[in-house]
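Colleague: I have a structure open that I have not seen before. Could you walk me through how to read some of its features?

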Amino acid sequence: EGSKVFCREVARRHGVPMAEGESFDDPDAAIDFARTIAPPIVVKAEGLAAGKGVIICRDHDEAKAAIDDIMRGGAFGDSGRRVVVEEFLEGRETSIFTLADGRSRLVLEPAQDYKRAHDGDHGSNTGGMGAYSPVPWLGPQMRQRAVDEIVVPLLDGLASEGRTYRGCLYAGLMITDKGPRLIEINCRFGDPDGIVLFPRLATDLGELLFAVAEGALGAQRVEWSEDACVAVVVASKGYPETYEKGKRIEGITESGDVAVFHAGTAMTDGALVSAGGRVLDVTARGTTIDDARAKAYDAAAKIRMDDSFYRTDIAKGVST
């Protein structure tokens, strides 16, 4: 996550399929390469950019402008000293999480998140505007293929380089008509896609993480509830670009099936206020995805915060 260039280099060394592309520290070379790719073109700042460092460009002029803005204009500071320029992948996005202790690995349930800011996958890329789990369209064969072609080569490849990985490996994937492709890897649970796993997890998460730390993951088994979970992100108006902080938040309601995770809040003079772009993850569990979705949106509608918004199409049309 800290270096998209490093991610590409590791994937290339160990045969992990990704979008076709290259990394650059020279803006002119990046622009020249972008002109060889059929639009849309993806331009990524190398480092962390609060979920905003990936720009999908509709044509070569937009790609040039994005590269200039990142590398010459300093849009993302030091995170933009290098960029990745790559083809746009068509398909469906999903996230797979794997616990690893250096010897054993345990693949968790998948989730799907929504990166674009607005309904219908319009607007800028964000850190995530909502998610759901399970992922009924991801069949067992494709899921196993993703593990075999991406997760296993990554972990084995890092170990072969003396970088034995212990912890949670997050793999953000695009399932294309040619198979799974790696988009990004992170060394953590994701937000909000990781959040929809926790309410479904019947096994104690603390025990699993302790086993990772102790190198005893091989003796662990994980059990899941058959329930579904949906998360809806309440964000500040203007996110992921410019937005105001300090907006008072009221109306948060939680129940046995609804939990509200705080992503960007603070207490000021005894009042709960916004302190970030993504403010709250309104998360609900239900017997089906539709049931969980209805509960999540009902809870989100009760939240009062000036200049806030959320997508209304999270998990819409998905059935378990």
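Colleague: Is L48 buried or exposed?

Modeller: This is a predicted model, so the answer is computed from predicted coordinates. Exposed means over 50% relative accessible area. L48 has 52%, so it counts as exposed. The residue sits in the loop between β2 and β3.

Colleague: Which residues does L48 touch, leaving out those up to four places away in sequence?

Modeller: L48 touches E1, G2 and S79. As for distance, L48 and I70 are 22 residues apart in sequence, and their C-alpha atoms are 13 Å apart in space.

Colleague: Next, the sheets. In what order do the four strands of the open sheet run?

Modeller: Strands of a sheet pair through backbone hydrogen bonds, in a parallel or an antiparallel sense. Here the order is β1-β4-β2-β3, and the pairing is antiparallel. β1 (21-24) and β3 (54-57) are at the edges; each has a single partner strand, so one side of each lacks a neighbour in the sheet. From one strand to the next, the twist averages 20°.

Colleague: How many bridges join β1 and β4?

Modeller: Four bridges, with β1 and β4 (residues 83-87) antiparallel. Within this pair, S23 stands opposite V84 in β4.

Colleague: Which strands do helices α2 and α3 lie across?

Modeller: α2 lies across β1, β2 and β4, and its direction is at about 165° to β1. α3 (residues 60-72) lies across β1, β2, β3 and β4, at about 5° to β2.

Colleague: Now β10. Which way do its residues point?

Modeller: G130 and Y132 point one way, while A131 and S133 point the other way. All four of these β10 residues are buried.

Colleague: What are the bridges between β10 and strands β7 and β13?

Modeller: β7 (residues 112-113) is joined to β10 by two bridges, and the two run antiparallel. In that pair, D113 stands opposite A131. β13 (residues 228-236) is joined to β10 by four bridges, also antiparallel. There G130 stands opposite V232.

Colleague: Which peptide bond is cis with omega near 0°?

Modeller: The bond from P39 to P40. P40 belongs to the loop between α2 (27-34) and β2 (41-45). The bond from S133 to P134 is cis as well, with omega near 5°. P134 is in the loop between β10 (130-133) and α4 (140-160).

Colleague: And phi? What is the value for D121?

Modeller: Phi of D121 is near 60°, which is positive in a residue other than glycine. D121 is placed in the loop between β8 (116-118) and β9 (122-125). Its relative accessibility is 41%, so D121 counts as partly exposed.

Colleague: What is the phi of D269, and where is this residue found?

Modeller: D269 is not a glycine either, and its phi is positive, at about 55°. The loop that holds D269 runs between β16 (265-268) and β17 (271-274). With 82% relative accessibility, D269 counts as exposed.

Technical notes
Residues are numbered from 1 along each chain as its sequence is written. This is a predicted model: local features need pLDDT of at least 70, side-chain atom pairs count only at pLDDT 80 or more; totals for chains, interfaces and linings use all residues. Side-chain values use heavy atoms; hydrogens and water are left out. Buried means under 20% relative accessible area, exposed over 50%, partly exposed in between (1.4 Å probe, protein chains only). Two strands pair if DSSP finds at least two bridges between them. Axes are lines fitted to C-alpha atoms, for helices over the stretch in contact, and angles run from 0 to 180 degrees between N-to-C directions. Contact means heavy atoms within 4.5 Å.
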